[in-house]
Structure formats: C-alpha cells, structure tokens
Amino acid sequence: MGPDGALRRVLRVPELRLLFGASFVSLIGTWSYSVAVTAFVFERTHSYTIVGIASLARYVPGILFSAYGGVLAERFERVRVLIVSNLCSMVCQLGLTVIAIASGSIWLAIVIVGLTATTEVPYG
C-alpha cells in the first residue's frame, strides 16, 4: 500500500478494479481447473503416471506455442483474441464436462486438456 496511498489511488479507477477483480476470479478458476483435472484423472485411473501425463498436457502447449500465441495477440485486435481464446476454451471445457459425466475415455479427456491449454496460449 505504501505511505502515499498509491494502492488506494489505483483502486479508485473503476476499470482497474474490474481488471483486478477479473484477474482474481480467473486465477481461482485456473487453480480449480488444475485441481479438478488432477482429481478426475486420479479417481478414474488411480495412476500417478497418467496424472503426470495429464499435467504435461496442461502445461506443455504453453511452452511449445507461446511464441505463436504472442504473434496472434500482436497481429489481431487484443480484445477479439481474448474473446475467441476464451470461447474456444469454453467449448473444450464443455467437451471435458461431457466426458466426465458420461464416463468417457480418459485419453480423450487428456487430449481435450491439451486442446484447452493450446486455446489459452494467445490469452496469456
């Protein structure tokens, strides 16, 4: 916060409050998603190896495609990139939900986890 009240001055700006609030909700959602995927895969397989594979599917696309995501984010209007990225991620999450409810293939779920991570790259 600091003695000069810098944080208070920043939080007086409505757009920044909205941005900080949205970032906070997004962080909670990302954390919850990671926990849910790990619990889902372990509950279905009881295999630490497959849980590790699911975790790799969650993080490797960010490593592999981050440069391309940056190019997309710079080449197109940023708000549109954010919206399209989130909509694609939502479609993947709906697919993952259907797989979980229908007790579908765990490997298909892991592929969708990787697709979700790939669609999130431009957002980052």
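**Exercise 1.** Which residues form a nonpolar patch on the surface, and about how much accessible area do they have together?

*Solution.* Start with the model. It is predicted: local features need pLDDT of at least 70, side-chain atom pairs count only at pLDDT 80 or more, and totals for chains, interfaces and linings use all residues. Residues are numbered from 1 along each chain as its sequence is written, and side-chain values use heavy atoms, with hydrogens and water left out.

Next, the rule. Patch residues have over 30% relative accessible area and no salt bridge; nonpolar side chains (Val, Leu, Ile, Met, Phe, Trp, Tyr) are joined within 5 Å, like charges within 9 Å. Areas come from the Shrake-Rupley method with a 1.4 Å probe, and for residues only the protein chains shown count as cover.

The patch consists of V79, I83, L87, M90, V91 and L94, with about 560 Å² together.

**Exercise 2.** Locate V91 and decide: buried or exposed?

*Solution.* V91 sits in helix α4 (residues 78-101). Helices are DSSP runs (H or I, at least four residues), numbered from the N terminus. Buried means under 20% relative accessible area, exposed over 50%, partly exposed in between (1.4 Å probe, protein chains only). V91 has 54%, so V91 is exposed.

**Exercise 3.** Find the salt bridges (a side-chain nitrogen of Lys or Arg within 4 Å of a carboxyl oxygen of Asp or Glu).

*Solution.* There are two. R58 pairs with E120 at 3.3 Å, N to O. R58 belongs to helix α3 (residues 48-75) and E120 to helix α5 (residues 106-120), so this pair ties together parts 62 residues apart in sequence. R58 is buried at 10%; E120 is partly exposed at 29%.

R78 pairs with E74, their closest N and O atoms 2.8 Å apart. R78 is exposed at 52%, and E74 is exposed at 57%.

Definitions and conventions:
Helices (H or I, at least four residues) and strands (E, at least two) are DSSP runs, numbered from the N terminus.
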